[in-house]
Every structure is written in structure tokens, then in C-alpha cells.
Amino acid sequence: MMRRGWCLAGVIAVAAGAGSAQDTGFSDDLQTGIGSIIETPLDNGDIGGLSLEELQSLPDEGFQRELFDITTETQESVASGTGALIRVLDKLTGRVEDIQIAIGQTATWGYLAAQLTDCRYPVGNPSGDAYAYLVINVDGIDDPVFQGWMIESSPALNAMDHPRYDAWVLSCSTS
């Protein structure tokens, strides 16, 4: 027992001595010579920098065209459907139901009232990604609990935030 106490005291003494003998290097940072930094503008003709006019007159090829190709996005053509299929979950009871809603109509489920304003899908692929604009109200709450676009492939992107109910779009109807 006594031997352990002496070992522990020796380790602490060695660690304390090593920390005080180590050079932190902070004293060198105070003498960096910040006042001797020379600032030189890049657009000075003597140094060889380019003016704004010279930069704008550079040819539009090479890496600039490659960057344009990388950042180019394609926009998908969409068509409007006649309705939407919405899946609703009651988190309290675990009940799940699929509800068909026509555009301009309101469907009710439990305390929910969902109105569909528009449903869009990729042209040529009606079973593809669906985008539905919904207004969802809950009985007893004046403001809608959800109002906006729901996207089939990314339901969490713009999700309804309600403690009891969850709803998401499954597809658009075409007939």
C-alpha cells in the first residue's frame, strides 16, 4: 500500500516537471513582424495583374466551359394529374390508410382535413415522382398544420409536423 503511494507521487512529480520544462512556443508568435507586411494591389499594371475589362475579355472555353457543364441542371417536364393518393398514419392507434383525393376536393380522416390543390408528375411517367400541393387542417386548430408541396421521393424534405398524424403523397392520379 505504501509502495503504490510513492509510485503515484513519483508519476505526478515527473508529469509536473515535464510540463514546466516543455517550451510552448508562444513567445515566438508575439514577434511575427506584422507591421512589416507589404500590401500590393493585384490590379496594378506594374505587377502584371489583370484589370476587370481584361478578365471579361478572356475566351469562354476550357475550364470555364467545363465548370458550366458541371453546374448545369436539367429541369424535368411535368404534367398535372387529376388527383393524388395520400397515405395517412395515426401514430396513436397505428392505423394507416390510403386516401384518394381529387384536385380541389377535401378528404377527411379522423381529425384531419386534407385539401389537394395540385398534383404533378413527370411527363411520360405517371407512376414516377409525384409532387402534391396540400393544405392539411386538424379540428380545433385554426391555422393549417401543413401547407405546401410534398414530394413522393423525399417525404422528409417538407413533412407535416404533427404529434399524432403523419401524411405523405404516394402518387398522382391521371384519370
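Good morning. Before I continue, two remarks on the basis of this talk. The model is predicted, so local features need pLDDT of at least 70, and side-chain atom pairs count only at pLDDT 80 or more, while totals for chains, interfaces and linings use all residues. Residues are numbered from 1 along each chain as its sequence is written, and side-chain values use heavy atoms, with hydrogens and water left out.

Let me turn to the overall layout. The secondary structure of the protein chain comes to four helices and eight strands; helices (H or I, at least four residues) and strands (E, at least two) are DSSP runs, numbered from the N terminus. Reading from the N terminus on, the order is α-α-α-α-β-β-β-β-β-β-β-β. Of the 175 residues of the protein chain, 21% count as buried. Here buried means under 20% relative accessible area, exposed means over 50%, and partly exposed is in between, with a 1.4 Å probe and protein chains only. Among contacts with a separation of 6 or more, 43% come from residues 24 or more positions apart.

Lys-91, with which I began, is one example of a residue in a loop. It is found between S2 and S3. Is Lys-91 buried, partly exposed or exposed? Lys-91 counts as partly exposed because its relative accessibility is 42%. In sequence, Lys-91 and Tyr-165 are 74 residues apart, yet in space their C-alpha atoms are 5.8 Å apart.

Next, the strands. Thr-117 is found in strand S5. At 42% relative accessibility, Thr-117 counts as partly exposed. Leaving out residues up to four places away in sequence, Thr-117 touches Ile-103 and Tyr-133. Val-169, by contrast, lies in strand S8. Why does Val-169 count as buried? The reason is its relative accessibility of 2%. Beyond its neighbours within four places in sequence, Val-169 is in contact with Leu-85, Ile-86, Ala-130, Ala-132, Met-150, Ile-151 and Glu-152. For one of these, Met-150, the C-alpha atom is separated from that of Val-169 by 6.4 Å, at 19 residues apart along the chain.

I now come to the disulfide, a pair of cysteine sulfur atoms within 2.5 Å. How many does a search of the whole structure find? It finds one. This disulfide joins Cys-119 to Cys-172, with an S to S distance of 1.9 Å. The pair links distant parts of the chain, 53 residues apart: Cys-119 is in strand S5 (residues 112-122) and Cys-172 in strand S8 (residues 165-173). The link is left-handed, with -90° about the S-S bond. Both Cys-119 and Cys-172 are buried.

A nonpolar core is a set of buried Ala, Val, Leu, Ile, Met, Phe, Trp, Tyr and Cys residues joined through side-chain atoms within 4.5 Å. Of the 25 residues in the largest nonpolar core, Ile-86, Leu-134, Ile-136 and Met-160 touch the most other members. S5 gives the most to this core, with five residues. Ile-136 itself has contacts that include Leu-112, Pro-144, Phe-146, Met-150 and Ala-167.

Finally, the cavity. On a 1 Å grid over the protein atoms alone, a cavity is a set of points where a 1.4 Å probe fits but cannot get out, and lining residues have an atom within 4 Å of a point. Grid points are joined across faces, edges and corners, and a volume is the space filled by probe spheres set on the points. The count comes to one cavity of 30 Å³ or more, and the largest cavity has a volume of about 70 Å³. Its lining includes Ile-86, Trp-109, Ile-136 and Ala-167. The lining residues divide into eleven nonpolar, one polar and no charged; Ala, Val, Leu, Ile, Met, Phe, Trp, Tyr, Cys and Pro count as nonpolar, Asp, Glu, Lys and Arg as charged, and the others, Gly among them, as polar.

Thank you for your attention.

Terms used: On a 1 Å grid over the protein atoms alone, a cavity is a set of points where a 1.4 Å probe fits but cannot get out, and a pocket is an open set with protein on both sides within 12 Å along at least five of seven lines; lining residues have an atom within 4 Å of a point. Contact means heavy atoms within 4.5 Å.
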